[in-house]
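Subject: Structure for your review

Dear colleague,

I am handing over the structure we spoke about, together with some notes on what was found in it. Please read the notes with the model open beside them.

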Amino acid sequence: MKSPRSRRVLVPLAAIGLLAAVPACSGGSGEERSADGKLKVSINGQPPQTQAFERTIFDQDVAEFEAAHPDIDLEPHEGFMEVESFSAKLAGGQLEDVFYVYFTDPAQIIARRQAADITEAVQGLPHVDQLQPQLLDVFRDSGGKLYGLPTANYSMGLVYHRPLFVKAGLDPDQPPRTWAEVRAAADKIAALGDGVVGYADFSKGNQGGWHLTAWLNSLGGQIARKDGDSWKADFNNDLGRTALEHLKQMRWTDDSMGSKQLLTDADVQRMMGSGQLGMYLAAPDNIPVLVKQFNGKYEDYGLAPVPEGKGTLIGGEGYMVNPKASPEKIKAGLAWIQWKYLNPDRFDSFTQRYADGQQPVGLPALPNPDIWTGALREQQEAVKAKYANVPAQNYAPYLNAAATIKGHLEPPSAQQVYATLDTVMQAVLTDPAADPAALLATAETKVNATLAQVR
């Protein structure tokens with residue numbers, strides 16, 4: 001359930017609802033020049049000191065950038081897009097010149113003119129044209145103007161336990177590619193007994209609604225659609241019913257999902273880490289969590305593309321520039337973003353630092369986020385293979401399909417929508433008599449009331 005930052009996707013800027021009350025005149029970092037005449041540029045994204053490795057990497061990069069750009073004085077600030085502080089910083093003129101955003105943030109920020117238009121400024125920036133177009137589109141307005149740059153992303157896939165596949169007579173190098181194949185594999189894995197569960201899913205803490213969204217996307221559907229200037233629920237249809245019927249069959253007909261329900265990510269990760277679970281939907285960065293927090297082994301896990309592959313829920317991160325930044329600061333801020341996050345010249349050295357620091361290398365995640373196309377994607381993959389310290393071949397099915405699957409962002413008012421859809425997932429997974437059609441109809445009315453508030 002995690003995106004590039006811890007628990008990021010569960011808090012896709014709840015503060016956006018607060019932004020309407022904030023004037024679009026934040027003031028940046030104040031004075032343009034330091035005492036020695038350098039251009040001062042404030043940035044956030046600095047990890048806390050409790051994340052020792054990441055903090056060291058960031059601070060070293062700041063020092064190296066400043067040495068290569070002696071006319072720029074970076075002022076790093078801890079933090080990312082935090083709900084508790086973003087609105088206050090924006091209102092009080094304390095927003096950094098370069099600020100971090102989730103993929104769910106830019107549309108609202110752009111609509112409220114709270115980021116600088118960088119369309120012209122990026123023209124001289126190298127490699128921007130080789131970023132994945134769908135990721136750049138996250139930062140564009142309806143007219144095609146650009147207001148930020150993506151630096152990392154994730155998409156949902158199917159995490160599976162390779163040793164359990166082998167025990168169940170399944171080929172771990174040929175993971176399920178459809179929900180029918182998932183169901184069949186889950187049935188065989190659950191038949192191993194001893195409390196082993198074939199497939200698990202979330203249904204609590206807004207995570208059930210989040211995963212139902214991923215199910216709909218995989219089938220080619222969506223939770224909400226734009227209808228003129230407003231949003232409407234788009235799940236009370238054949239695709240929504242198909243998703244719930246799949247779950248209902250695995251839970252009650254096959255009994256391949258276990259009796260314990262009302263699960264969250266930690267519950268499912270604990271099951272997978274202990275070797276008691278065959279499969280669940282997740283992003284690639286779940287795999288290090290399984291190893292570091294739940295005593296798993298990298299070699300035990302595989303990663304496949306989301307079943308059906310007709311769409312996938314995506315998330316990620318990027319950076320935007322304060323709307324009050326001067327042209328000089330915009331240019332300097334973009335130079336920092338490109339140098340640190342979008343720099344093929346640093347692929348090798350950056351990856352080696354992670355490997356030397358005994359951090360996992362080989363996943364489609366930091367230090368090698370899957371954001372590039374063409375030759376740069378191939379270049380990064382070669383570097384990743386060079387320094388890989390986890391079994392990268394286990395994740396090849398996911399990576400090979402990633403560029404061919406359409407990405408979907410989370411819906412507006414995502415957390416409120418997910419809370420409503422939690423009840424749908426809970427009913428299907430705890431009540432054998434649950435009626436998917438009736439559940440979706442009731443949820444549609446509630447979600448439409450939520451979406452009616454979106455402006």
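A contact, as the word is used below, means heavy atoms within 4.5 Å. On that basis, residues 24 or more positions apart account for 78% of the contacts in the chain with a separation of 6 or more. Please keep in mind throughout that this is a predicted model.

**The chain as a whole**

The chain holds 17 helices and 12 strands. Its radius of gyration is 22 Å, close to the 23 Å that the globule rule gives for 455 residues, so the chain is as compact as a globular protein of that length. Taken along the principal axes, the box that the C-alpha atoms fill is roughly 70 × 50 × 35 Å. Of the 455 residues, 58% are buried, and the accessible surface of the chain comes to about 18000 Å², with 49% of it belonging to carbon and sulfur atoms. As for charge, the chain has 42 positive and 54 negative charges, and their mean positions are 2 Å apart.

**Y160 and R162**

Which backbone oxygen does the side chain of Y160 reach? It is the backbone oxygen of P172, at 2.6 Å. For R162, the polar contact is one between side chains, with D173 as the partner and a distance of 3.0 Å. Y160 also has a C-alpha separation of 6.7 Å from Y280, although the two residues are 120 residues apart along the chain.

**Backbone geometry in the loops**

The peptide bond that joins L366 and P367 is cis, with omega at about 10°, and P367 is found in the loop between helix 13 (347-356) and helix 14 (374-387).

E308 is not a glycine, yet it has a positive phi of about 75°. This residue is found in the loop between strand 10 (301-305) and strand 11 (312-321), and E308 counts as partly exposed because its relative accessible area is 29%, which lies between the cut-offs of 20% and 50%.

S413, also not a glycine, has a positive phi of about 50°. The loop that holds S413 runs between strand 12 (407-408) and helix 16 (414-430), and at 25% relative accessibility S413 is partly exposed.

D71 is found in the loop between helix 2 (52-68) and strand 2 (72-78), and with a relative accessibility of 49% it counts as partly exposed, the cut-off for exposed being over 50%. Not counting residues up to four places away in sequence, D71 touches R33, K38 and L39. The C-alpha atoms of D71 and R33 are separated by 9.8 Å, while the two residues are 38 residues apart along the chain.

R241, for its part, has its place in helix 9 (residues 238-253), and with a relative accessible area of 28% R241 is partly exposed. Where does R241 find its contacts, once residues up to four places away in sequence are not counted? R241 touches N236, A437 and L440. Of these, L440 is 199 residues from R241 in sequence, and the C-alpha to C-alpha distance between R241 and L440 is 7.7 Å.

Note on methods
Residues numbered from 1 in each chain as written. Predicted model: local features only at pLDDT ≥ 70, side-chain atom pairs only at ≥ 80, totals over all residues. Heavy atoms only, no water. Helix = DSSP H or I, 4+ residues; strand = E, 2+ residues; numbered from the N terminus. Rg over C-alpha atoms; globule rule 2.2 N^0.38 Å. Buried < 20%, exposed > 50% of the residue type's maximum accessible area, 1.4 Å probe, protein only. Areas by Shrake-Rupley, 256 points an atom, 1.4 Å probe, with all protein chains shown as cover. Lys, Arg positive; Asp, Glu negative; His and termini not counted. Charge placed at Lys NZ, Arg CZ, Asp CG, Glu CD. Polar contact = N/O pair within 3.5 Å; in protein donor to acceptor, adjacent residues only side chain to side chain.
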